[in-house]
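Please look over the sequence and the model before turning to the points below.

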Amino acid sequence: MTALHDVINPATELVEASVPSLSLEDTDAAIARARRAYATWRHVSPGDRARLLRRLSVLLDEHNEELAQLEVRNAGHTIGNARWEAGNIRDVFAYYSGAPERLLGQQIPVAGGVNITFHEPLGVVGVIVPWNFPMPILGWGIAPALAAGNTVVVKPAELTPLTAMRVGELALDAGFPEGVLQVLTGKGSVVGERFVTHPDVAKVVFTGSTEVGVHVAEGCARQVKPVTLELGGKSANVIFADSDLAKAAAAAPGGVFDNSGQDCCARSRILIERKVMDEFLELLEPAVMAVRVDNPNLTTTDMGPLISAGHLERVASFVDETTNVLMRGTVPDGPGYWYPPTVVLASSRADRLLHEEVFGPVVTVVPFDDEADAIALANATDFGLSGSIWTRDVGRALRVSRGIESGNLSVNSHSSVRYWTPFGGFKKSGLGRELGPNALEAFTEVKNVFISTDT
Ligand code: NAD
């Protein structure tokens, strides 16, 4: 009999559902089904594959509210965020439904014949998803993989499998053949690990912690298996004295406290030009205190709970009686894994709060002296995923954008990820890029064919 594990609502601490914890044998059987399905799926015509992706996008739209409500119960996301997330996976499927007919090769001039390239699908792709954005991250992996002609096995996070399971059902309703997209619930060390070690899984897409990502990459290297890694972050929000300080201060809480700080792109370091630090902190305080931490079902709520009791304990461990807490919001009474929005001042540039990913609503402020210092400080991290730059000087905005070692930057905003632009990290934040027009390259191999005209 298949073992079950409980899924807990982090705002109520009540069991929301019990889901199967699949075994190694179950995983192998699913990979074998995916391999069999690949034999026919790869030959489905581009137009028909596109039509199926479009149909799933329509179904995801029709079920937007249901999926959003499910995510509120499973992940404790605010209902506003959850609606956006359900909309994101819908839009990602709509976007990549345009891809099958546009997967163009090249014709390269050669003597004595014709040289053409094909983008061949890889086979079975394994997608491993974390708990912080269960629906968007699922979509970023599976939609381009399917569009390119691969079949997919998905491992959602143990804490947040419910929306992925529902998306898997909707895919069958949309008409995807059995075995083309399978959602396998269970442990990372069992199901996820098998994607890495199984020779019939041709590629792994992993989003999660840098620690597990390194382990996944090591395993893939043993089989020379391609891998995309989307890992942690410690992104800088760099605020210059010449910026619109009021606007920068009003936006800073959203840049780090959204999704309770459980965001790989969270701007969890505020780098502020020293001469305006006091003025900035005065402007920041009311913005932080206005962040409403409450029942995630309310549309007035800005921030919900953390994902689990264990994660709450980990986040809380970063702030103790020696920490210089500048500002701290409030949380509701009663059950739930709550942690208040918290702003701290770095004790030094070596402070662990400037280097380790908290993955919670804690932001660390540190002053800088000039542009060169700001860039050096922004880069004084192992990570390089995201970041923001606030200035009215266009030249400086470009210089600093080019200077910061990070994959995704925004100027005078904390722009979120756009599915039609590339996303990924420098340094220990990852390997490869997702989303945007070139995502199918990560799910195909280029084949070069020469045809002699000398007959
Ligand atoms: P995690 O690394 O613990 O788990 C991620 C996934 O990997 C889960 O599904 C887990 O079950 C699975 N897993 C665990 N052990 C495994 C193994 N041995 N083999 C294969 N799979 C295994 O991460 P998490 O706590 O779920 O997520 C938080 C982390 O994810 C943070 O560090 C965050 O920055 C990162 N993240 C990065 C991005 C990005 O795009 N760069 C996006 C979201 C989250």
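How many bridges join strand E10 to strand E11, and do the two strands run parallel or antiparallel? The model is a predicted one. In it, strand E10, residues 236-239, and strand E11, residues 269-273, run parallel and are joined by four bridges.

**The sheet**
- Strands E10 and E11 belong to an open sheet of seven strands, whose order is E12-E13-E14-E11-E10-E15-E16.
- The pairing within this sheet is mixed.
- At the edges lie strand E12 (324-328) and strand E16 (410-411), each of which pairs on one side only.
- In general, strands of a sheet pair through backbone hydrogen bonds, in either a parallel or an antiparallel manner.
- Ile239 has Ile272 of E11 standing opposite.

**Cavities**
- Four cavities of 30 Å³ or more are found when the whole structure is searched.
- The largest cavity holds about 80 Å³ of space.
- Its lining consists of 17 residues, and those nearest the centre are Arg269, Ala378, Gly384, Ser386 and Ser406.
- By class, the lining of the largest cavity comprises six nonpolar, seven polar and four charged residues.
- The second largest cavity has a volume of about 70 Å³.
- This second largest cavity is lined by 14 residues, with Gly261, Asp263, Ala266, Ser268 and Phe359 closest to its centre.
- Six nonpolar, five polar and three charged residues make up the lining of the second largest cavity.

Conventions
Residues are numbered from 1 along each chain as its sequence is written. This is a predicted model: local features need pLDDT of at least 70, side-chain atom pairs count only at pLDDT 80 or more; totals for chains, interfaces and linings use all residues. Side-chain values use heavy atoms; hydrogens and water are left out. Two strands pair if DSSP finds at least two bridges between them. On a 1 Å grid over the protein atoms alone, a cavity is a set of points where a 1.4 Å probe fits but cannot get out, and a pocket is an open set with protein on both sides within 12 Å along at least five of seven lines; lining residues have an atom within 4 Å of a point. Grid points are joined across faces, edges and corners, and a volume is the space filled by probe spheres set on the points. Ala, Val, Leu, Ile, Met, Phe, Trp, Tyr, Cys and Pro count as nonpolar, Asp, Glu, Lys and Arg as charged, and the others, Gly among them, as polar.
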